[in-house]
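Good morning, and thank you for joining. I would like to take you through the aromatic contacts of one model.

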Amino acid sequence: MIEKSPERLEILKRISEFEKQGWWEKDVEDDPPTVELLPNQIDYLNKKLSSKIKTFFANIAGTNFFEKLIKNKGLIIKEVKGIENFLAVRSGAIITCNHFNACDNYAVWKAIKPYMHGKKLWKVIREGNYTNSPPPFGFVMRNCNTLPLSSNTETMKNFMLAVKTLLKRGEKILIYPEQGMWWNYRKPRPMQDGAFNLAVSNSAPIIPVFITMEDSEIVGPDGFFVQAYTVNILPAIYPDENLKRKERVKKLKDENYECFKNTYEQFYKIKLTYEK
């Protein structure tokens, strides 16, 4: 028997409290404090040779880390469902996913990698994770095809232009519309507008991905069962061009939430309810 991590137990208590309070987008863990990202500190599209070199090595480092985790059963991807829904979208697209673990982005990447034809999955991340993550993790966060948000207006203009360029050239961009990461939280959470604003601005489809999980037979070093993931790739949803912008954003967000909710209820065979 391995004693359960006090830190994990505290995080679970916070999740329960945040759910009761309806603080859906807040982080339950202590992320690096935000340091402002300035325009000259980021090469969003990897145009510089130095950026290309860093990205090459960051992707190798990230892949080695996660593949070792998979080999040692620290990350278990049990099944991928709905790959036909991914293949049906030939254009650039925004992939939305529930956010519950630092490994969930790799689970998405692992599921779609055989069908990416050499392209990479771009990931939108929070500003502090880009500017203030400690080494060696920070090197990967800054260079592994990440698109950091910023509190700086000029930097965000560059961010928006980069997203537009990537979608036009057929790239896939992963965004967590729930925002904060809630460790091993199985329920879908109400979503923020960001991903859907980007989809509407660029007339791009959303590919919803909802990862469900179940206890494996392996207990991790934190004393909790390692979760076995099922990556559920759901049918794409598209902005309704007949609606006003605000209504288009809301409809996309509502449809995405319903996709997640229905998948949750079908997989776990329970009705979605929240603590109050």
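**Aromatic contacts**

Let me begin with a cluster: Phe18, Trp23, Trp24, Trp182, Tyr185 and Tyr274 are linked by ring pairs. Rings of Phe, Tyr and Trp (its six-membered ring) pair if their centres lie within 6.5 Å; planes under 30 degrees apart are stacked, over 60 edge-to-face, and the rest tilted.

Please note that this is a predicted model, in which local features need pLDDT of at least 70 and side-chain atom pairs pLDDT 80 or more, while totals for chains, interfaces and linings use all residues. Residues are numbered from 1 along each chain as its sequence is written, and side-chain values use heavy atoms, leaving out hydrogens and water.

Across the whole structure, the search returns 14 aromatic pairs. Trp24 and Trp182 are stacked, because their ring centres are 5.9 Å apart and their planes stand at 25°. Trp24 belongs to the loop between helix H1 (6-21) and helix H2 (49-71), and Trp182 to the loop between strand E5 (172-175) and helix H8 (194-201), so this pair ties together parts 158 residues apart in sequence. Helices (H or I, at least four residues) and strands (E, at least two) are DSSP runs, numbered from the N terminus.

I turn now to Tyr264 and Tyr268, whose centres are 5.0 Å apart with planes at 55°, so the pair is tilted. Both lie in helix H9 (residues 245-268), four residues apart, about one turn of the helix.
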